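Dear colleague,

Please find below the structure that I promised to pass on, followed by my notes on it.

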Amino acid sequence: MSFLRPKDETKPWKGSYAPYDLVKELCIAVGVIALLAVLLTVLFSSPDDKPSTIAQWSHELPADFATTAALELNGTSDIAEYGPPYNHSSASVQHFLLLHPQRWLGVSHPINTAEDYVVKPLETIPNDPALRSAVAEYKAAPEKQKKEWSEAYAKPLVEYSEAVEEKKTPPSAVSVDQSTGAVTVKASGAGPVPAMMTALQSLAQSGGLEGGLVSSSQFFQTDYTKPLLFMADGGLLGERAEQQHLLGDQWGLMNETGSYPGQPWLWLYALWYQVEPMKSSPNADIQVLLIMGLLSTLFICIPFLPIINRIPRKIPIYKLIWKEHYRDLPDV
Amino acid sequence: MSAAPTTPPRTPSKSWTVKVREKGVEALPPERLLPDGQPTYVASWIYVFGVASIASLIVIIGSGSILALKGPAWWHETGVGHFFNSIHMWSVELFFFVMVVHLWGKYWMASWRGGRGRVWVTGAITFLVAVPAALTGYVSQQNFDAQWISTQAKDAMNSVGVGSFFNLTNFGQMYSYHILLLPIAVVALVSLHVLLVRRNGVVPPFEIDSRKAALASAATSPGAGGAPPPSPPSPSQTSTGGQS
């Protein structure tokens, strides 16, 4: 124990005291900090970039929206394959050695991307017999058939998105009218899916999909998990984030929009994502959090850490802090 | 003719109230809780950063309370709301800045010495709890920053299982954490930290060597310097320390 708790020779202060007004000091400090905050506010204000909407996304990046929606229906989007807490898939399930906390905690916010992002919102559209028939046909089909239809529709869209990204000539099966935001997919063997996806695009562009994704049996809603994750599967948020230097490899974890300080206190947390093996690891998040958990514990325990708790005595910065005290000591 | 007023019976000593009061006064008598004097070594600008951290927290809570009174959408719609949101944001930035300087200062003073380990521990935990308090503020903003930060940070929370009860994409839950649960935790920790500082006093300087310390002690002994007399002490002489 003496190794952990070296002998502490600090004795209670027996020296002199000077008058001090703590309450007055606190009041002055509050005033100074408030003034500083007001000054910074007047000089720099604060960022407030408007949120993206699904309507905006489906208008500005119609092919990206259509591709994302097709992958949600097909069950191959990032969220569809994520795993807990959204579903029982495994693509984004992380672990460290024998630690599998993500799986242990289970599915707490269930999302069935085909149902929640496509089928249910379409069922809210009234007075459209053709759509109702298409949805009924889709729902009545066996799972294998649903998969074939949605894959037949998603495949040309994925090829289109890849061609656009690689600046190649996109396949002719997909045509996009940027002025109207209309996406036409020539997909044979897609069954009722083209009719459903055209209706979903129209619903999104009308602004009706946001409401459809947050609605449930409750009237009041405060949970935006479904629409946010749907948008995160698409490209609009990432496109805006890259312009604002908010991506992970841009140390975006601690940044915010504009030239504002963001959360600089997360610098150490962000640092670990920039170095190997975390940088390229599929388990980067749990690795970084475990490292930070360990470092945080050590930070709390500094008084009891050998060597670390002796450094202040060895490096005499304290002589600067208490220079008046030491100056006033009698010469020996 | 009415009966003569009687004095209320003395509270029995087994009363929980009396026990709590006696323990409290014993641990922190008023002159120690709010001293009007400081040890003379408390004479550096570094000491200002402790009280500046508390001052920043007060400004954060004040500006945040105004924002809470008007609701989460107000600051997007009015100039006055945006003004108070800016004050809130900048006071958070100042809070972290002064707190980090305070922590570094306390590290180089080895301020855990003399039985002050709990003072350091509560301060360090306060810093760590303040981080999610700020994060929940960022994801409660209802703007693009909130969309991006919540959808990106969710993976870290999910990877350790925290996402199942701390869902960054659930605005209602994050807002509750931000304006109630985490501020309560921060204020409780800061209060405990300050009370421990008041109880233990500010850590004295390292003794450069024993002879100097002996000389200092002799120079400040009763009659030679102004050391606090043993009993009964005056408030200005019994302080065990100053700012945190």
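This is a predicted model: local features need pLDDT of at least 70, side-chain atom pairs count only at pLDDT 80 or more; totals for chains, interfaces and linings use all residues.

Residues are numbered from 1 along each chain as its sequence is written, while chains are lettered from A and ligands numbered from 1 in the order in which they are written.

The contact, in which two residues count if their C-beta atoms, placed from the backbone, lie within 7 Å, takes 89 residues from chain B and 78 residues from chain A. On the side of chain B that touches chain A, helix 5 of chain B gives the most, with 14 residues (helices are DSSP runs of H or I with at least four residues, strands are runs of E with at least two, and both are numbered from the N terminus).

Helix 5 of chain B comprises residues 79-108, and its 30 residues should span 44 Å at 1.5 Å a residue, which agrees with the 44 Å between its end C-alpha atoms; the expected span is 1.5 Å times one less than the number of residues. Just after this helix, B:Ala110 takes a positive phi of about 50°.

Strand 1 of chain A (residues 17-19) pairs with strand 1 of chain B in the antiparallel sense over three bridges, where pairing requires that DSSP finds at least two bridges between the strands, and A:Ala18 stands opposite B:Gln38. Within chain A, strand 2 (residues 174-177) and strand 3 (residues 182-185) are also antiparallel, over four bridges, with A:Val176 opposite A:Val183.

With best wishes
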